[in-house]
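Hi there,

Here is the structure I promised to pass on.

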Amino acid sequence: MELVEEYTRVIKIEEGYPHAKTLYLPTGEIDAVVDWCKKELSPGWKWQIITSSSPGTPGVYAFFLKSEADFFAFLLKFG
């Protein structure tokens, strides 16, 4: 997990995003997160699949956000 967090941090810096969050989600849950982001966040955010989920193994997804308000809303919603 530490390597995943480091990867997210490096991508955040290289692509100029001030905020990033890594989520570990079971199969089928990423769609709801992305749908929420599309509805609630300002333009300019993005997400990336780090590893896909499979039955019994959560997927790892990185979210990159430009706005501090969006970042805190994301944290409140998804931890």
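F78 is found in helix α3. Please keep in mind as you read that the model is predicted. With a relative accessibility of 25%, F78 counts as partly exposed, because that value falls between the 20% and 50% cut-offs. Beyond its neighbours within four places in sequence, F78 is in contact with L23, V33 and W36.

**Aromatic rings**

How many aromatic pairs does a search of the whole structure find? There are eight of them. One of these is formed by W47 and Y61, whose ring centres are 6.1 Å apart; their planes meet at 50°, so the pair is tilted. This pair links distant parts of the chain, with W47 in strand β2 (residues 46-51) and Y61 in strand β3, 14 residues apart. Are these two residues buried or partly exposed? W47 counts as partly exposed, at 32% relative accessibility, whereas Y61 counts as buried, at 5%.

F74 and F78 also have their planes at 50°, with ring centres 5.1 Å apart, so this pair is tilted too. Both residues belong to helix α3, and because they are four residues apart there, about one helical turn separates them. F74 is buried, its relative accessible area being 1%, while F78 is partly exposed.

In soluble globular proteins, nonpolar side chains tend to be buried together. Here the largest nonpolar core has 14 residues, and those with the most contacts inside it are I30, V33, C37, L41, W45, F63 and F74. Which elements each supply at least two residues of this core? They are β1 (19-25), α2 (30-40), β3 (59-65) and α3 (68-78). The largest share, five residues, comes from α2.

Leaving out neighbours within four places in sequence, F74 is in contact with K21, L23, V33, W36, C37, L41, F63, L65 and G79.

**How α2 and α3 pack**

Two packed helices are described by the angle between their axes and the distance between the axes. For α2 and α3, the angle is about 145° and the axes are 12 Å apart. The crossing of α2 past α3 is right-handed. Which residues make the contact? On the α2 side they are V33, W36, C37 and E40, which meet D70, A73, F74, K77 and F78 in α3.

H19 is found in strand β1. Its relative accessible area is 15%, which means that H19 is buried, the cut-off being under 20%. Not counting residues up to four places away in sequence, H19 touches K12, F63, F64, L65, K66, S67, E68 and F71.

P18 lies in the loop between α1 (2-15) and β1. P18 counts as partly exposed, at 43% relative accessibility. Its contacts, leaving aside neighbours within four places in sequence, are K12, L65 and K66. P18 and F64 are 46 residues apart in sequence, yet their C-alpha atoms are 7.9 Å apart in space.

I50 is found in strand β2 and counts as partly exposed, at 23% relative accessibility. Not counting residues up to four places away in sequence, I50 touches V4, Y7, T8, V60, Y61 and A62. The C-alpha atoms of I50 and T22 are separated by 9.2 Å, and the two residues are 28 apart along the chain.

Happy browsing, and do write back with any questions.

Best wishes

Key:
Residues are numbered from 1 along each chain as its sequence is written. This is a predicted model: local features need pLDDT of at least 70, side-chain atom pairs count only at pLDDT 80 or more; totals for chains, interfaces and linings use all residues. Side-chain values use heavy atoms; hydrogens and water are left out. A nonpolar core is a set of buried Ala, Val, Leu, Ile, Met, Phe, Trp, Tyr and Cys residues joined through side-chain atoms within 4.5 Å. Buried means under 20% relative accessible area, exposed over 50%, partly exposed in between (1.4 Å probe, protein chains only). Contact means heavy atoms within 4.5 Å. Rings of Phe, Tyr and Trp (its six-membered ring) pair if their centres lie within 6.5 Å; planes under 30 degrees apart count as stacked, over 60 as edge-to-face and the rest as tilted. Axes are lines fitted to C-alpha atoms, for helices over the stretch in contact, and angles run from 0 to 180 degrees between N-to-C directions. A crossing is left-handed if the near helix is turned anticlockwise from the far one by less than a right angle, and right-handed if clockwise.
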